[in-house]
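Keep the 3D view open as you read.

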Amino acid sequence: MGNHAPEDYFIVKAQENGVTVIGLTRGKDTRFHHTEKLDKGEVMLMQFTEHTSAVKIRGKAEVSTPFGKVDTGEE
Ligand code: TRP
């Protein structure tokens, strides 16, 4: 798998219970391969890997990326 650059990482901090982080596969098919539930205040450091090319987040969370911060779940 090799090493990954810092740019491959991002941080998700849940701002409510039951935030869902879904990993999507890399390659020809883009499908869900992993679902992670976070409760309020929980922080998860995540990485893009040879298996994970995209991530979908449901619920209110603060996402820190190399490109800046973004809040999900804002209405
Ligand atoms: N087995 C997955 C992988 O190596 C684990 C993983 C890494 C993951 N980053 C993720 C799962 C982001 C969900 C979201 O790719």
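**Around the ligand**

A nitrogen atom of the ligand lies 2.7 Å from a polar backbone atom of Q47; a polar contact here is a pair of N or O atoms within 3.5 Å, and within protein one must be able to donate a hydrogen and the other to accept it, with residues adjacent in sequence counting only if both atoms are side-chain atoms. On its own the ligand has 360 Å² of accessible area, and the protein covers 74% of it (Shrake-Rupley method, 1.4 Å probe).

Please remember that this is a predicted model, where local features need pLDDT of at least 70 and side-chain atom pairs pLDDT 80 or more, while totals for chains, interfaces and linings use all residues. Residues are numbered from 1 along each chain as its sequence is written, and side-chain values use heavy atoms, with hydrogens and water left out.

Which residues surround the ligand? They are G23, H33, H34, M46, Q47, T49, H51, T52 and V55, each with a heavy atom within 4 Å. Two of this shell are nonpolar, seven polar and none charged, with Gly counted as polar. The strands β3 (32-38), β4 (43-47) and β5 (52-58) each give the shell at least two residues; strands are DSSP runs of E, at least two residues, numbered from the N terminus.

Now look at the space itself. The ligand takes up the largest pocket, which holds about 160 Å³. A pocket is an open set of points on a 1 Å grid over the protein atoms alone, where a 1.4 Å probe fits, with protein on both sides within 12 Å along at least five of seven lines; lining residues have an atom within 4 Å of a point. A molecule sits there if more than half of its atoms lie within 2 Å of the grid points. β4 gives the largest share of the lining, four residues.

Terms used
Points joined across faces, edges and corners; volume = space filled by probe spheres on them.
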